[in-house]
Amino acid sequence: KSPPRLPRLMGRATVECELRLNGSGRAKRGLLTLVLDGYNAPLTAGNFMDLVNKKFYDGMPIQRADGFVVQTGQPKGPAEGFVDPRTKRVRRIPLEVRVTGDRDPYYEATLEDLGIYNQPLQLPFNAMGTMAMAHTDGSPNSASSQFFWLLKDSELTPTGGNVLDGRYGVFGYVVEGADLLTELQVGDKIECMQVISGHQKFVPGDPKAPEVSFEGSS
């Protein structure tokens with residue numbers, strides 16, 4: 001089960017993401033509409049929504065745009081993610097993946113590690129703008145604030161048979177404006193993000209709950 005100290009989203013929420021594209025001949029603004037799925041990824045979606053509420057991503061530059069994914073979320077300074085002001089340490093979240101037909105998600109282990117790779121997932125990498133948390137290679141429980149949007153390529157990410165499903169925690173999708181993702185370059189910025197619906201489904205973390213650590217999260 002998801003640790004009570006971490007925030008959760010118990011349902012779906014909608015987020016608007018305003019982008020600013022920089023550079024000669026391409027300066028413009030664009031808008032993405034994101035749906036966060038807390039039904040299938042309550043902890044991962046809750047972590048993201050908490051950071052949106054904290055304005056963590058406002059002004060954040062795009063840090064990777066390689067034709068495969070668009071990634072951001074690395075703050076300035078030495079920290080590799082969001083530093084919880086209560087603990088003064090980077091807040092980590094475990095890998096969270098829910099297999100179709102199961103009541104609850106699996107935590108802390110990839111489906112490959114569990115021996116059930118290629119099982120159908122509730123939130124697969126199957127669409128342009130699929131959103132997932134980034135983590136250090138070989139450390140699926142090291143995610144904090146960095147996330148990426150998938151740029152769908154049927155050859156690299158065939159539905160139900162790609163190298164991402166079960167290894168990265170998907171928590172939502174772009175439902176409007178996904179075509180804009182192909183225009184983003186390193187240095188473009190997220191002007192702001194704001195939650196426009198689903199506020200009542202957000203459950204903040206319990207500061208009195210004991211701290212938890214996850215295997216391979218450091």
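**Backbone exceptions and aromatic pairs**

Lys88 lies in the loop that links β6 (83-84) to β7 (89-90). The model described here is predicted. Most residues other than glycine have a negative phi. Lys88 is not a glycine, yet its phi is positive, at about 65°. Lys88 counts as exposed because its relative accessibility is 64%, and exposed means over 50%.

A positive phi also occurs at Asn118, a residue other than glycine, with a value near 80°. Asn118 sits in the loop between α2 (111-114) and β10 (130-133). With 49% relative accessibility, Asn118 counts as partly exposed.

Attention now turns to the aromatic residues. The structure holds nine aromatic pairs. One of them joins Phe56 and Tyr57. Their ring centres are 5.2 Å apart and their planes stand at 90°, so this pair is edge-to-face. Phe56 is buried, at 17% relative accessibility. Tyr57 is buried too, at 1%. Both fall in this class because buried means under 20% relative accessible area.

Phe147 and Trp149 form an aromatic pair that is likewise edge-to-face. Here the distance is 5.0 Å centre to centre, with 80° between the planes. Phe147 counts as buried, at 0% relative accessibility. Trp149 is also buried, with a relative accessible area of 0%.

Note on methods
Residues are numbered from 1 along each chain as its sequence is written. This is a predicted model: local features need pLDDT of at least 70, side-chain atom pairs count only at pLDDT 80 or more; totals for chains, interfaces and linings use all residues. Side-chain values use heavy atoms; hydrogens and water are left out. Helices (H or I, at least four residues) and strands (E, at least two) are DSSP runs, numbered from the N terminus. Buried means under 20% relative accessible area, exposed over 50%, partly exposed in between (1.4 Å probe, protein chains only). Rings of Phe, Tyr and Trp (its six-membered ring) pair if their centres lie within 6.5 Å; planes under 30 degrees apart count as stacked, over 60 as edge-to-face and the rest as tilted.
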